[in-house]
Amino acid sequence: MRKCVSISEVRESIDQLDDQIVKLISERSRYVEQTAKFKKDTDDVKAPKRVEAVIEKVRNLASENNVNLDIIEEVYRTMILCFINHELVQHSKLHSK
């Protein structure tokens with residue numbers, strides 16, 4: 001992380017991070033799409049135990065990286081919910097044939 005001397009430098013740095021974040025979310029999305037073919041039903045897609053395991057993992061990562069644990073949890077819960085909804089659509093397409 002660089003020490004910025006102006007708001008424009010801060011915004012430029014945030015824009016660069018956003019580029020990386022979107023690319024990583026895109027990659028994560030492609031893995032999520034692959035999982036649909038391995039799951040039997042919608043309960044498997046929703047996987048509440050897996051969700052909680054991921055939340056615990058990212059909260060630990062947040063702690064190790066000195067970021068607010070509640071922010072990370074909220075971001076991940078929102079992201080996971082969006083991915084579950086996307087995966088449910090993929091699962092339906094694959095298993096309705």
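On the surface, Ile7, Val10 and Ile14 form a nonpolar patch whose accessible area is about 250 Å² together. This is a predicted model, in which local features need pLDDT of at least 70, side-chain atom pairs count only at pLDDT 80 or more, and totals for chains, interfaces and linings use all residues. Residues are numbered from 1 along each chain as its sequence is written, and side-chain values use heavy atoms, leaving out hydrogens and water.

**Surface patch**
- Accessible areas come from the Shrake-Rupley method with a 1.4 Å probe, and for residues only the protein chains shown count as cover.

**Helix H1**
- Val10 lies in helix H1, residues 7–35 (helices are DSSP runs, H or I, of at least four residues, numbered from the N terminus).
- Val10 is partly exposed, at 31% relative accessible area, because this class lies between buried (under 20%) and exposed (over 50%).
- Ser29 is also placed in helix H1, and counts as buried at 16% relative accessibility.
- Leaving aside residues up to four places away in sequence, Ser29 touches Phe83 and His86 (contact means heavy atoms within 4.5 Å).

**Nonpolar core**
- The largest nonpolar core has nine residues, among them Val45, Ile72 and Ile84 (a core is a set of buried Ala, Val, Leu, Ile, Met, Phe, Trp, Tyr and Cys residues joined through side-chain atoms within 4.5 Å).
- Helix H3 (48–64) and helix H4 (69–95) are the elements giving two or more residues to this core, and H3 gives the most, with five residues.
- Val45 touches Lys39, Ile84, Glu87, Leu88 and His91, not counting residues up to four places away in sequence.

Notes:
Patch = residues over 30% accessible without salt bridge, like charges linked within 9 Å, V, L, I, M, F, W, Y side chains within 5 Å. Salt bridge = Lys/Arg side-chain N within 4 Å of Asp/Glu carboxyl O. Buried < 20%, exposed > 50% of the residue type's maximum accessible area, 1.4 Å probe, protein only.
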